[in-house]
Amino acid sequence: RLPKSVLKDDIDFVMSCGAINTKFGHRIEDPVALLKSGYDAVLLAAGQQDMVSLGIIGESLAISSIQYLKNPKAFRVVGQKVAVIGGGAVAADCAVTAVRLGAKVVELFVRRRLSEMPITSFEREMLLKHEVDISTRSRIVAINARASRASRASRGARAGGVTQQFTLTVIKTEQRVGRNQGSSARDLVDIKGSKVKRTGFG
């Protein structure tokens, strides 16, 4: 989903790193067979194909990034307040796409600090350019839904103008004592008494 010019720059950089040859249209049935055919090593880098489960209450109410980016126009976000959970490149892509498709507000919930988000400078600039709100050191622990009246232009509107409004339960986090800044998100702990409910997401 990157602009073709950016993607070309990435490919050109990789190809400039050494003696790299590309072969397209080849299905690899047995990676071990490549070793037997003369390769010294085989690296499988097919990318993330499945959504990582968050293990939170109401997770089934959320739309996966793969599902959304596959056909973003299938989800009506015009005039809506949209929440995106995650702080990586795919989450940034979802957030920017929602803004481009007319979302009124898009908020990114990230467990890390802004400076710790695993995104490129290009992706960071895109978030700023599209005025995506970023709530850092925030962990979503539950998603709840309720039916409400809405215009037919709203995302998910059904007959009679009934749609769903979502409430997120959010807990703020902090670095575990004794851990360095920029450590894994697993080194973050919940701040007692910081739990809040964020309403109005559509």
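## The second largest pocket

The second largest pocket holds about 770 Å³ of space, a volume being the space filled by probe spheres set on grid points that are joined across faces, edges and corners. Among the 15 residues that line this pocket, Ile-28, Leu-34, Tyr-39, Val-42 and Leu-43 are the closest to its centre. Here a pocket is an open set of points on a 1 Å grid over the protein atoms alone, where a 1.4 Å probe fits and with protein on both sides within 12 Å along at least five of seven lines, and lining residues have an atom within 4 Å of a point.

## How the model is read

This is a predicted model, in which local features need pLDDT of at least 70 and side-chain atom pairs count only at pLDDT 80 or more, while totals for chains, interfaces and linings use all residues. Residues are numbered from 1 along each chain as its sequence is written, and side-chain values use heavy atoms, with hydrogens and water left out.

Strands are DSSP runs of E with at least two residues, and helices are runs of H or I with at least four, numbered from the N terminus.

Strand β1 (residues 81-85) pairs with β2 in the parallel sense over five bridges, where pairing requires at least two DSSP bridges, and Ala-83 has Glu-107 in β2 as its bridge partner. Strand β3 (residues 133-135) also pairs with β2 in the parallel sense, over three bridges, and Leu-108 stands opposite Ile-134 in β3.
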